[in-house]
Each structure stands twice: as C-alpha cells, then as structure tokens.
Amino acid sequence: MRSNEANHETLEEAVRQLPSYAPPPEVWANIEQALEIMTLERPLHEAIGQLPAYRPPAHLWAAIEAGLAAEPAHRPGRMRALRWASAAAAVLLLMAYFLRPTPDSQLKLSYIRETADAPAQGLYHNDWDADEASLQQLAEQYSKDPVAKQQPEYSSILAEWQDLNDAKAEVVSFMERYGKDGQIIRQLAEIERERSALARQMAIQI
Amino acid sequence: MKHCLIFLASALAFAASGPLAAQAGKLHVITKRLDKSFAFKTGYEVNIEGEKAEVVIETWEKPEISVRMELIARHPEKAVAEADLEKMKFMAERVRNKIYLRNYISAEEGEAKPQSNLEARYLITLPAECPVYLKNYFGISNVSNLANRFRFFGEFSKIGMENVQGAIDLRSRFGDIVGRSLGGEVSINAHRSDITLEDIQGRYDIDAQYGIIRILSSAGLLDLDINAEKSDIYLFDPKLNDFGFLLTAQEGQINYPGDLRMNFLSNTESLKKVEVKPKQEYYPSITITVTFGDIYLEKEKPANAKF
C-alpha cells in the first residue's frame, strides 16, 4: 500500500529501525483462556436472559413483618444474652473513655517583639583567620620534614591537626547560619588555642 | 492628595521599621513562642534535636509533657529579624509513642542565608519516669531529676545534669559534661570534652580523648572504669582508702597522697601501673587507664579550684 507521504522511503526506513518487542508468552495463553471461558459461558448468559420474572403476593410481606415482631417473645434467652452483651460493651466503652490519654493540646503560637543592646561594634570581628596562612604553611612544612617523620607522635600530631581544622571549619560554617555570639566565639577561641599549641609543637620538631 | 498622604505615611512606617530605625547599639529581638502539651503514658519517649538550642528539662508529678519552645532572631533591622525568624523551622509532634521536638534552619532554594543571630530555647517539663533522648548541636542543656533513661549526644554543646538516675548514656564531641548527684549505670564517651562529676553513685564506664576528667566525692560509687587518651584525670575523695584501685599511666604520671599504700606492678619511665586492695572484703573498684596523660588522686579538691 502506498500513501501520499512525500518522503515515503525515509519513513519506511525509520519504521524499520524502530525496536520491536515481543510480549511474554504467558500473555497469549491468558488471552486464549479468557476467550475460551467467554465462549463456554455464552449459552448460560442467554438462558438467564430468557428466564421469567415473578412478583410475590402483597400479603406475604405483612406476614413476614408479623413474624419478626413476635419472634423475641419466643426467644427470651437470646434477648437476655443480647442485653448482657450491650451492657458489657457500654462498660468497655466507658473504661476506654476514662483510660484514654488526654488528647495532646493544640499548638499555641505567639510572638514577642523587644529590643536589646547590641554588642560593642567590632567585638565579633573576624581575626581568627589572620594567621591561617602561616599556620597552614607550618603544618605543610612539618608534614614533609624528614626529622619530624622519625618522631613517634608524627602521625598523631597530623591527625590531631586535621581534627582541629575540621572542627574550626564546622564552627565557622555554623556561625554563617546562626550568626555570631559570645558563646560560639569562645568555642572558636578554644579550638584556636589548641591549634596554636599544636603548631608550636610542630615548630619545635622541624 | 489623599493617596499621596497614604503613600507618605506608609513609606514612613516602612522606614521606621527598617534601617533608619536601626538605632546605634540596639537590636530587634523577635521571639516566636510555641506552647504544646502531650499526654504521657508509660512507654512514651521524648526525642529532642536542637540546633543552637538552650534546653532545660525538668520534672513534675503530672502525667503530661509540657513543651515551650522559643525561636529567637536578633538583628538591628526589624524586618530582617522577622524574615530570618521564619527561616527557623520547628517540629513538635507525637508519632505513636515518641514525641519529637526539633528546630532547624531551612531556607528555600535561592533564598538568602539568615543575617540575624538565631537561637532556640526549650523548656520541657515531664514525668521523671519519661525516657529522654537529647541531641544538641552548638547548644547548652540542663537536665534535672530524671529517673529512668537519659541519652545525650552533644556536639560543641555543654550538658549539665542534676539528680539524674537510671540508665545514662552520654556522648560528647567538643563539649563539656557536668553532672551532680548522678546514679545508676552511666556510660560516657567524650572526645575533646571535659567531664566533671560530683556526688556520684552507681557504675561508670568512661571513654575519653583530649579532655580533663574530674570526679569529686564518690561515696556511693560501685564501680568506675576510665579509659582515656591524652587526658588528665583527677579523683577527689576524702575516703580514698575505701576503694580498690588499678591505675595505669602510659607516658604519664600517677600522683597520690602519701598515706595511700600503692603496690607498683610497673614503674618504668614510660609505664606506671599500681594496684591497691583494701582490707575489707567488698569495696568499690576504680580502674583508670590513661595514655599520654596523668592521674591525680587527692582527698580534697584544692580550695582555689574553679570546679
């Protein structure tokens, strides 16, 4: 069959290059099974459609209702059991009510707006990086020093230096998110003191 | 004309809340306060995860967990403080038997970082038997009167405890641990953290690196096991003779009062190891092992000691 497509050959070529997929074999088996069931059940559905319909006589419903109303009188034991069950259920419900945890309260939200004295200007000025280049240079020199490498604490000093560098970076990064205050700068100062002590130890061994 | 006046008034109001109002030396402090309470039942646990948080945990008799959380932003410009405050998120909810309390900063993608000084405060009041797991990052915590299980993990955070009993598990990195009247089974792992414990009872297992450990008065102590590296350890107790000791200092010294009869198992330059066994049949046992650090046993803490 030919179409009016201008580049018919190109289209055919492209269609040929499309990947082909085969369905798993069980799919065909399932379809065949479903068709077979439909064929077998067709006479049954036709016969159901031809069955006549009947309505019950009106007095029948009245008789059923009367029978239902009279039934409790004939079964006092069953009624008593029903009453006990209802009472037990009520007691259980009451117990559950009293033993239940008090519901968690709703979240209450409020805002307070105040002013406070600011810290003195320049108090939180960054001076902790002032000697950073010299310290890193010293650590670099120590790590390459042949004499220092012979010392028993060489590895542990470098590990400690790395630990303190990481801690300083963590404090500085946290300070960028939460801002500066006295507490955090004291923590930074403590780390800087330890780094300085370690740097002095490295300098002696070079 | 009327519109012009409204515009002028609005502009003035905006300016008043903004930089022009940022008076020299004044900060706007905006606090978002959250109050919530949870019904307590046996088996419940409170799980707190604070960042830059001051956490206070106290107890009461009521079967209820009360939480007051305050998120605070400080900045010279009110509008900046208010905007930054909203970047600080919180969680206060119960999931089955766990009550989660948390604060953290979450800025939308492309949103500027907060410029304000931010912090959180928690005041939690709960029944003494309620287990607590507290994590704090760059914060301060004070816990009192808990009687069941207390776990703490702090980084760059100080923890203070007063009359805490039961199973106590403390882990600290770059923080300080201070405890008074603690009792039970206590396990401590401290890295670059100082530890000060006073009036302690029960059993203690302490691992520490790069810290100073001070134990003051340990009359109810059953067992103390300290394993430390590059740390100094101080034990102050008027009744040192009542304890059994096994002390080891590698590349360190052992200092003790003259009337304490030590039996040296090793006394070389690099390794000092001593043992003391009291005369009585049952005695509390103290084992301290330290590498690159000293051990000090004293009957009284020095009068000028800061701790």
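## Exercises on a predicted two-chain model

In this predicted model, strand S1 of chain A and strand S1 of chain B (residues 26-39) run antiparallel and are joined by 10 bridges.

**Exercise 1.** Work out which residue of S1(B) is the bridge partner of Lys108(A), and which element gives the most to the side of chain A that touches chain B.

*Solution.* Begin with the pairing of the two strands, in which the bridge partner of Lys108(A) is Asp35(B). Next, take the contacts between the chains, where 28 residues of chain A meet 30 residues of chain B. On chain A, at least two residues of that side come from each of strand S1 (108-117), helix H7 (154-178) and helix H8 (182-205), and S1(A) gives the most, with 10 residues. Finally, sorting this side of chain A by class gives 13 nonpolar, 6 polar and 9 charged residues.

**Exercise 2.** Determine which residues of helix H2 (residues 78-85) of chain B are buried, and why they lie on the same side of H2(B).

*Solution.* A residue counts as buried when 20 or more other C-beta atoms lie within 10 Å of its own, and in H2(B) this holds for Lys78(B), Val80(B), Ala81(B), Asp84(B) and Leu85(B). Because these residues cover an arc of only 165° around the axis, they fall on the same side of H2(B).

**Exercise 3.** Decide where in chain B pLDDT stays under 50.

*Solution.* Start from the chain as a whole: chain B has a mean pLDDT of 90, with 91% of its residues reaching 70 or more. Then turn to residues 1-22 of chain B, over which pLDDT stays under 50 and for which the model has 10 contacts beyond four places in sequence. Where pLDDT is low, predicted coordinates should not be read in detail. For the complex, the predictor gives an ipTM of 0.78 and a pTM of 0.73.

Definitions and conventions. Residues numbered from 1 in each chain as written. Chains lettered and ligands numbered in written order. Predicted model: local features only at pLDDT ≥ 70, side-chain atom pairs only at ≥ 80, totals over all residues. Contact = placed C-beta atoms within 7 Å. Helix = DSSP H or I, 4+ residues; strand = E, 2+ residues; numbered from the N terminus. Nonpolar A, V, L, I, M, F, W, Y, C, P; charged D, E, K, R; others polar. Pairing = 2+ DSSP bridges. pLDDT = per-residue confidence, 0-100. Buried ≥ 20, exposed ≤ 12 C-beta atoms within 10 Å, placed from the backbone. Arc of directions from axis to C-beta.
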